[in-house]
Amino acid sequence: MSSEEKILAIPIKPEEHKDVWIYAEVRHGELVPTAFELLHVAKKLSVPLKEKLCAVVIGSGVSKYAQDLIDRGAEKVYVIDHPSLSQFVDEVYANILVDLIVKEKPNKLLMAASTIGRSFASRVAVLANTGITADSTELDINMEKGGLLNATRPTFGGTLMATILCIRGHRPEMVTVRPMAFPQAEPAPGQKGEVVKVPADPAKWKTREKHLKFEPEESQEIDIQQANTIVSGGYGVGGQKGFEILRSLAHKLGAAIGASRRAVDSGWIAYRHQIGLTGRVVRPKLYIACGISGQIQHLAGMNSAQTIVCINKDPEVPLMKLATFAVEGDLFEILPAIEKELDRSPARV
Amino acid sequence: MHIVTCIKQTPATDNVQIDPETGTLKREGMEAAINPFDEFGIEEAVRIKEKIGGDSKVSVITMGPPQAENALRDAISRGADAAYHICGREFAGADTWATSHALYKGIAKISKEFTPVDLIICGKQTNDGDTGHIGPGLAAWLDWPNVAYVKKVEDIKSLGNGKGGTIVVHRMMEDGVDILEMELPAVISVVKEINTPRVPSLRGKMAAKKAAIPKWDAVALGADLAHVGLKGSPTIVAKSFRPTMPTGGETIQGATAEEKARNLVAKLRQLNLI
């Protein structure tokens with residue numbers, strides 16, 4: 001039987017599918033906190049449907065994460081724990097997840113739109129003969145349509161939003177969810193939940209893809225996705241030297257350095273700092289944008305920041321209008337003045 | 001070795017027009033080009049061909065309306081040797097499931113009727129749909145291994161003629177680089193860090209003009225109409241709309257930079273943000 005025949009032979013019986021699943025990504029041996037974001041939003045879907053919220057975790061030594069997932073709202077956790085699953089490879093992981101889907105018949109499946117999630121989810125969706133929406137930023141249940149999932153996502157570089165429906169009965173309705181688009185589910189330690197150990201049978205797996213090595217990126221800087229505060233620079237920063245002024249303030253605030261695509265493309269700062277649709281998505285408590293006009297692609301990467309400060313000479317640029325606090329002026333005067341002000345009076349403890 | 005790059009013709013501008021009646025993209029009159037991410041895929045295929053030599057060749061395939069043929073000819077001018085066009089009204093409105101299925105049918109036809117395929121290269125994603133689903137989806141239909149977000153092809157050993165071999169690639173991760181080895185045939189999706197695409201050569205432009213490009217509809221592909229286009233797609237776009245951006249923040253007052261800085265710092269302290 002060809003792969004195509006196998007895929008098309010999977011029956012489309014929506015009435016047999018139940019429960020909202022999230023895939024808890026494990027990257028290089030660590031549970032990624034996007035799992036908690038997925039649990040947050042999946043809970044809002046499972047409640048109106050009166051279905052169970054379940055998590056799936058695949059890897060080596062990952063059984064220990066089951067309780068974390070339960071503490072954050074999972075009622076049931078499927079664990080596939082095997083030493084030969086220590087690193088993510090699309091082929092084996094997809095076969096394992098598809099087998100589980102075909103057997104357990106979930107109704108919805110949410111995965112993070114990370115590097116792993118975006119490629120893995122698509123392979124799984126085709127193999128499970130179902131529909132998938134990429135990079136959702138809004139999710140809710142469409143009760144008028146019998147509990148279908150409204151998956152809303154930015155498309156065309158963020159200039160257009162589209163709501164996607166999986167209308168022809170394919171299940172589970174799959175989505176990848178943009179990291180940082182939702183807050184994390186808070187832990188309530190000591191919750192009770194069911195842990196299902198799914199037997200792993202390496203003899204069944206195709207292993208045409210092998211993970212040879214992981215080379216971690218060595219960086220002394222604070223990562224933009226971990227930071228509470230980000231000082232970010234755009235084209236208005238003017239060059240590498242301009243970023244030194246941002247770094248000085250960031251150092252004082254314990255903040256990470258972000259950048260717009262134009263600043264990165266101009267070669268002033270490394271790609272890992274890029275925030276936006278073609279860069280990374282962040283959700284800091286405080287985002288200080290310096291000389292960034294706020295193209296829609298940039299806004300897509302930071303507009304869920306709690307508080308946005310925008311410093312710009314031009315009060316008419318989009319980000320000045322979006323900002324919680326808009327400061328009109330020359331960033332080369334304002335930023336040093338902020339530093340002085342921070343030195344002048346001690347921060348509240 | 002036979003490498004196939006999947007491409008898409010997409011609007012060449014970010015400034016899209018929305019049809020107010022249907023809420024969908026107005027594609028008429030919009031300038032179109034090869035999806036920018038696919039240019040890296042074409043370039044990488046041509047580089048591998050040049051490295052391996054012999055009778056290696058690069059083919060490109062697209063699914064799209066008649067004018068998408070321009071994108072295929074553009075790809076030939078950039079070094080591809082052959083092009084195939086999946087074209088027909090029945091393919092319109094396809095989601096990523098139906099699109100990857102049609103491309104799978106096309107690849108299978110190329111392998112059977114022309115030269116067996118050893119490697120498929122896709123761009124990371126398109127600039128209109130932004131999904132990144134096609135490469136991994138195509139691999140699922142073919143039952144081939146795949147790796148996405150490839151920023152380097154370190155090594156490739158191909159027996160040619162679809163007979164196997166291996167490829168070693170670097171996958172760009174959030175926290176570093178994964179190095180993976182796959183058996184051929186395989187599918188990779190590449191990121192823009194992988195190379196700098198060349199500009200079309202004069203010889204390439206001549207070849208592009210002359211190339212005969214087969215056009216295949218669903219019948220030619222042997223695809224069931226229930227599995228192509230909008231009808232064959234598990235998902236539909238129920239509605240589309242312009243995103244609304246929240247406005248109405250506060251302008252920090254002050255006559256000088258110092259005054260503004262003082263007022264801002266006071267506000268941020270009040271909120272316990274600094």
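**Chain B: its sheet and its side toward chain A**

A: In this predicted model, helix 1 (residues 36-52) of chain B lies across strand 1 (2-6), strand 4 (57-63), strand 6 (119-123), strand 7 and strand 10 of chain B, and it runs at about 150° to strand 6 of chain B. Those strands belong to an open sheet of ten strands with mixed pairing, in the order 13(A)-9(B)-8(B)-7(B)-10(B)-6(B)-1(B)-4(B)-5(B)-11(B). Strand 13 (209-216) of chain A and strand 11 (215-216) of chain B are at the edges, each with a single partner strand, so one side of each has no neighbour in the sheet.

Now for a pair inside that sheet. Strand 7 (residues 146-158) and strand 10 (residues 186-190) of chain B run parallel, joined by three bridges. A cis peptide bond joins B:Leu184 to B:Pro185, with omega at about 0°. For background, most peptide bonds are trans.

Next, the contact with the other chain. Here 69 residues of chain B are in contact with 72 residues of chain A. Several elements of chain B each supply at least two residues of the side that touches chain A, among them helix 3 (96-113), helix 4 (134-142), strand 12 (236-241) and helix 7 (257-270). The largest share of that side comes from helix 7 of chain B, with ten residues. Sorted by class, the side of chain B that touches chain A has 36 nonpolar, 15 polar and 18 charged residues.

Helix 3 and helix 4 of chain B also pack on each other, at an angle of about 55° and with their axes 9 Å apart. That makes helix 3 of chain B oblique to helix 4 of chain B, and their crossing is right-handed. Residues making the contact include B:Trp97, B:Leu103, B:Tyr104 and B:Ile107 from helix 3 of chain B, and B:Ile134, B:Leu138 and B:Trp141 from helix 4 of chain B. Taken together, the residues of this contact split into eight nonpolar, five polar and no charged.

Strand pairing ties the chains together as well. Strand 12 of chain B pairs with strand 10 (residues 160-165) of chain A in the antiparallel sense, over five bridges. In that pair, A:Leu165 stands opposite B:Ile236. Then there's strand 13 of chain B, which pairs with strand 18 (residues 325-328) of chain A in the parallel sense over two bridges. There, the bridge partner of A:Phe325 is B:Glu250.

One last thing about chain B as a whole: it is divided into domain 1 (2-227) and domain 2 (250-274). The C-alpha centres of those two domains of chain B lie 52 Å apart.

Technical notes
Residues numbered from 1 in each chain as written. Chains lettered and ligands numbered in written order. Predicted model: local features only at pLDDT ≥ 70, side-chain atom pairs only at ≥ 80, totals over all residues. Pairing = 2+ DSSP bridges. Helix = DSSP H or I, 4+ residues; strand = E, 2+ residues; numbered from the N terminus. Contact = placed C-beta atoms within 7 Å. Axes fitted to C-alpha atoms, helices over the stretch in contact; angles between N-to-C directions. Nonpolar A, V, L, I, M, F, W, Y, C, P; charged D, E, K, R; others polar. Domains from an automatic or database assignment. Parallel < 35°, antiparallel > 145°, perpendicular 65-115°, else oblique. Left-handed = near helix turned anticlockwise from the far one by under 90°.
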